[in-house]
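Hello,

Here is the structure I promised to pass on to you. Please have a look at it first, and then read my notes below.

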Amino acid sequence: MENILALSKKVSEAAEVFEVAAEETSAQFETNRLKNIQSKQSTHLALRIIKEGRLGYATTTGRDNVKELIYNAVETARFGMPAKFELPPLSSYPRIDIFDPAVEATPLEDMDRLGQELIELITAHTPEILCEAMVGKETESVKLINSSGGQAEYKKSIFSVGIYGSLIRGTDMLFVGESRSSCNPITQPQDIARVVIQQLELAKNPASVPTGQLPVVFTPRGAASALVPSLVTAFNGKTVLQGASPIGNKLGKKVFDAKISLWDDPTIPYRPHSRPCDDEGVASRRTPLIEHGMVANFLYDLQTAALAKTKSTGNGDRGGGSLPAPSPSALIIAPGQTSMDDMIKDIKEGLVIEQLMGAEQGNILGGDFSGNVLLGYKIESGKIVGRVKNTMVSGNVYQVLKELTAVGSRAEWVGGFLCTPPLYCPRLSVASK
Amino acid sequence: MPDIETAAARLAGALKKYKADYIEARLERSQRSHITYRGKELESAGRSTAVGGNIRALVKGGWGFVSFNDLNDLPRRIELAVKQATLVGKEESRLAPVQPVVDTVTSKEDGPLNIPLAEKKKLLDEYNQIIWGTPGLRTSVIGYADSHQQTIFLSSTGSYIRQPRTDITLRLSAVAAGDGDVQQANLSLGSRGDFSPMRRLHKEVEEMANKAVAMLSAPQVKGGEYTVVLDPVLAGVFVHEAFGHLSESDFVYEDDRLRQVMVLGKKFGPKELNIIDSAAVPGLRGSYKYDDEGVPATKTYLIKEGKLVGRLHSRETAAKMGEKPTGNARAMNYRYPPIVRMTNTYIEPGQASFNDIIAGIKEGVYAKNWFGGTTSMEMFTFSAGEAYMIRNGKIAEALRPVVLTGNVFTTLNNIDAIAGDLDMNQGGGCGKGGQFPLPVSNGSPHIRISRCLVGGG
């Protein structure tokens, strides 16, 4: 890497080399049994240069073709965006525990057994269910050096477990599932099985809701599929800079219900989205986004922050091998006062949304969402009575989050990226047939 | 490190020496470039190269898969794949037999590689100027990407196939903003390597920008059931989401209940309905000569005269269902094993004209252009980029984008008119099993669906 940096400095004013090396192994289960074991070794090398004031960028998969890498970065720098920032010099990072050698050391046999046990717990409840499952481990080494003397290096371990069950009766299909991830090994299947079994229990009886305005409780998974995609876009400093965020000019203003607080946090120990610094070498920190309903901050990388005349929040992310861009690390919504049971008890006729399909296809920027309730339950006189189907809900994230009846008292992680309690919304437009 | 040709030559004789029922290797070298604009400025331009490969082994019905960037020490990778497969395998290995193929496929379509980045950028500048010539716009995004892959496929049964693949995508969107409200319009297209379709979009780009602004003053549709007319682009997304995924046999082959639902001969739609998937049609984004298991591409009727007559297979699903392989096992790149995927999927044209189709509709929705789509097998949703009310047989006021949803098994039966104007949409990308976006195309003539659930976008 030092060699690439040295050669790049000869043809540019500033340069940065970023490398991720990863080893992952996963046991994959189909139709209730182990079907496939996969191992993936990968290296990703990215070079970013500033030449005549402009950004050049190239990536490759190995150190064999350094010449080509530099040539490609130089070619793109002819057109690249003018660089408005300086690469960060050597700085100190918070110590965040994200590596557990026990992940790498977990034998395949244990991963196989965990998957089998998980499937057995679920098929013991519903014998005719067919499960797909995945138990995976990954170790990732990240290294960054730049021509300002900046350096960062860390190792991360990730253990993940996911299960998806399908129950088919004629052309009636029910899909249930749950996934978990951690930087420590996951050894017990019970917690995950409990979530899936509860979904199966609640979905046992069919129920239907009328077309019209109904109160709706979003479970953590429901909130993740319906409400979060719009917030991710709206708090992105780039969207704000372009004037396309509906809350871009609302900094310091109360836009959301006072019961809502939201922040980005890459500093929680042993969470898969935690890290000591972002992909540009800027130190990690917790960034409040909504404080009691008030818009508190937006998320920035170096370039976007410089253009917006502010500072990077340490959210430069190279997802998919692209140039760094602002992106949340992990979003947390603060729990409130009301239990999920009390929310349900409060509703005479309404809907619980566990999973919404297609919500991310709507007008994300404007906050409009609309989707088919893939998994959801009808509430009647304070009780869940069964599963709804052929039901579509639509609304606007900003209208929903402006006035909530209650925020749940227990937050849960959904997919490693979001931790949220259930959200109780007084009315939402429901169409069913 | 050896290049992919040298590495392949070393593997050629070696694959059959291991204790496995079947082993294959795929080696790949690729080059990509991309240019992105956000707002008036170019945001990012980049180039990337990758070299990698994988080994897949089958032992007693269990698979082991190993992918890597480092082409040194391939025997160790093969041993690992075999070891993993051995740990999994407790049944019998079954693969539909295919003739080993030794072939070098060549293509004229390395077009985008020979066009300098500067020329691509100049074209995108023109489009961005058109977008920004439209009053009322807040921002815009343009994403251009091209890639060229060279793959070598080898198997323990003696296949040795060299195949290139070129893919180009261009997606533009214009975002208009009013009083606390944001609306966007999109245009997306792709090609199997021919750059020229990217050059002729000036008029479409202008229309797109105007649409985004017009949508701000458009009303939202009242959610409910409507008679819906889909344009060829959206009907193509509909056939992909609402039926295509269900015809992928890996969902079906080991699931007895689903096999009963998907039994051949079952009526799915009206007599006029024919649905085809074919990688063998040349020149489309889902086209190829051999799939990623070395099986030649075919043309497969999925629905003929309204009845289920076929499905898409890998070698394993075909063997287990006692059917012929269709050459539909595809992998996005060397990091993934091949799984059953669609290629170019379309509804065959019928007889009606567009005017015939809308003539009898008192109140309905005309939904155009693609925004997205997804399926759960039983349920599907897909969203239109543009929508209009149909009133008394005529296209009436513009609406905000709509989302359509329904049940696969009833909605196909509710298709009650098919026009003759088949058109293929090359702008999409398909996601399945973590592999996204895989180049596919889909298409249809205009179709009419009675009783479709519509929600406001």
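What share of the contacts in chain B with a separation of 6 or more comes from residues 24 or more positions apart? The value is 73%, where a contact means heavy atoms within 4.5 Å.

Before the rest, a word on conventions. This is a predicted model, in which local features need pLDDT of at least 70 and side-chain atom pairs count only at pLDDT 80 or more, while totals for chains, interfaces and linings use all residues. Residues are numbered from 1 along each chain as its sequence is written, chains are lettered from A and ligands numbered from 1 in the order in which they are written, and side-chain values use heavy atoms, with hydrogens and water left out.

Let me stay with chain B. You will find ten helices and 24 strands in it (DSSP runs numbered from the N terminus: H or I of at least four residues for helices, E of at least two for strands). Its radius of gyration is 23 Å, close to the 23 Å that the globule rule gives for 457 residues, so chain B is as compact as a globular protein of that length. That radius is taken over C-alpha atoms, and the rule is 2.2 Å times the number of residues to the power 0.38. Of the 457 residues in chain B, 63% are buried, meaning under 20% relative accessible area (1.4 Å probe, protein chains only).

Now for chain A, which has eleven helices and 22 strands. Here the radius of gyration is 24 Å, close to the 22 Å from the globule rule for 433 residues, so chain A is as compact as a globular protein of that length. Along the principal axes, its C-alpha trace spans about 70 × 55 × 35 Å. Buried residues account for 60% of the 433 residues in chain A. Among its contacts between residues at least 6 apart in sequence, 71% join residues at least 24 apart.

Finally, how do the two chains meet? Chain B brings 79 residues to the contact and chain A brings 64 residues. About 6,200 Å² is buried between them, with carbon and sulfur atoms giving 54%; buried area is the accessible area (1.4 Å probe) that two parts lose on being put together, summed over both. B:Arg47, B:Thr49 and B:Arg257 supply 11% of the area that chain B buries against chain A, more than any other three residues.

Enjoy exploring!

Terms used:
Buried < 20%, exposed > 50% of the residue type's maximum accessible area, 1.4 Å probe, protein only.
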